[in-house]
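Okay, thanks for coming, everyone. Let me put the structure up and walk you through some aromatic contacts.

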Amino acid sequence: MSSDRTEDFDFHLPESLIAQEPARPREAARLLDATQPGIFADRHIRDLPSLLKRGDLLVANNTAVIRAQLHGLRGEAKIGITLDQIQPDGSWHVLVRNARRLKVGDTIAFPGVQDIARVLALEPGGGAMLRFSAEGDAFDVFLQKAGALALPPYIHRPEGPTAQDTSDYATIFECNKGAVAAPTAGLHFTPALLKAVDATGAQRCTLTLHVGAGTFLPVREAEISEHKMHSERGIITPETAERINATRKAGGRIIAIGTTSLRLLETATDENGIVHPFDGTTSIFIRPGYQFRAVDMLLTNFHLPRSTLFMLVSAFAGVERARQIYAHAVASGYRFYSYGDACLLRCAHSIHAPTSEQ
């Protein structure tokens, strides 16, 4: 079963279930184990190692979040800017609030710093291309002074992100700067949990997908096939591709830590299930009807109604199964979104082991 109607991916979520802080310690977050057909097991993230097998390979996203939220001035007009994606020529694609106060050629100043940005282009819907006077290492210094974390809008911080958010909204895997939003499934991992994972004989590797501001954009179209997916920069090294392919050949399971890892893996995998090295952008939109080629299991947080990520989960687990999973999560008081709990899913539609929808 599949649907092209956005309304079919809606569900009721009480606001009280939207997490405003992460679980402490991180591995104390709840884990809904939905890997067995017809069964839900309520666990915790610390139980993940017991669900792994020797020869499994966990693939995490090692992107690091930058301070992507900026507040600028064009004359007296206040301009809100969220960095989205750096371009090959060094300019930035951004999302702008109060974009109607801008025109091409305008200069945007930032209080407290000398650096400026010039408007290169404006797009319908609030997108823009900017060139900053600071680039490279100087741009990093600029962001440390003028930028703030672009926390998701459902995390309420009336006074702005806190010092605690700086550490809470960072994964243990991070090493490559460039993301606007954190790959939130990775937020659950700690040194102790990784040590327990390693003790099972499961292996780990990383890739890079710089999550852009577009991840926060809702699906506004009535038909999901009309939705234009945002693009994001990703890298899979030859070494990582080789490890994944070797795991598959040996009969091990590929377990994606988060939808960002899954999206890049599926982008880089051919019709025969071979993962190739990748360095480029992806705008892959995974929705029901998609046949998965790279991933056997998925660890992911609970996502927004009517979002592309819930559509991805519906494609991965099966539409009806996904509805059951989310209904169980709501009824059982699981915490949703970036700082919330997680679920572990088994792929229902794979070229490696075709099954009917659960």
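So, which residue lies over the face of Tyr334? That's Arg30, at 3.8 Å from the ring centre. Over a ring here means that NZ of Lys or CZ of Arg is within 6 Å of the ring centre and within 35 degrees of the ring normal. Arg287 does likewise with Phe285, at 4.9 Å from the ring centre.

Before I go on: this is a predicted model, where local features need pLDDT of at least 70, side-chain atom pairs count only at pLDDT 80 or more, and totals for chains, interfaces and linings use all residues. Residues are numbered from 1 along each chain as its sequence is written, and side-chain values use heavy atoms, with hydrogens and water left out.

Now, ring pairs. Rings of Phe, Tyr and Trp (its six-membered ring) pair if their centres lie within 6.5 Å; planes under 30 degrees apart are stacked, over 60 edge-to-face, and the rest tilted. The whole structure has 21 aromatic pairs. Take Phe11 and Phe310: their centres are 5.1 Å apart and their planes at 65°, so that pair is edge-to-face. The two sit 299 residues apart, Phe11 in the segment before strand S1 and Phe310 in helix H6 (helices, H or I, at least four residues, and strands, E, at least two, are DSSP runs numbered from the N terminus).

Phe310 also pairs with Tyr326, centres 4.6 Å apart and planes at 55°, so this one is tilted. Tyr326 is in helix H7. Both Phe310 and Tyr326 are buried, meaning under 20% relative accessible area with a 1.4 Å probe, protein chains only. Ring pairs link these residues into a cluster that includes Phe9, Tyr154 and Tyr334.

Definitions and conventions: Buried means under 20% relative accessible area, exposed over 50%, partly exposed in between (1.4 Å probe, protein chains only).
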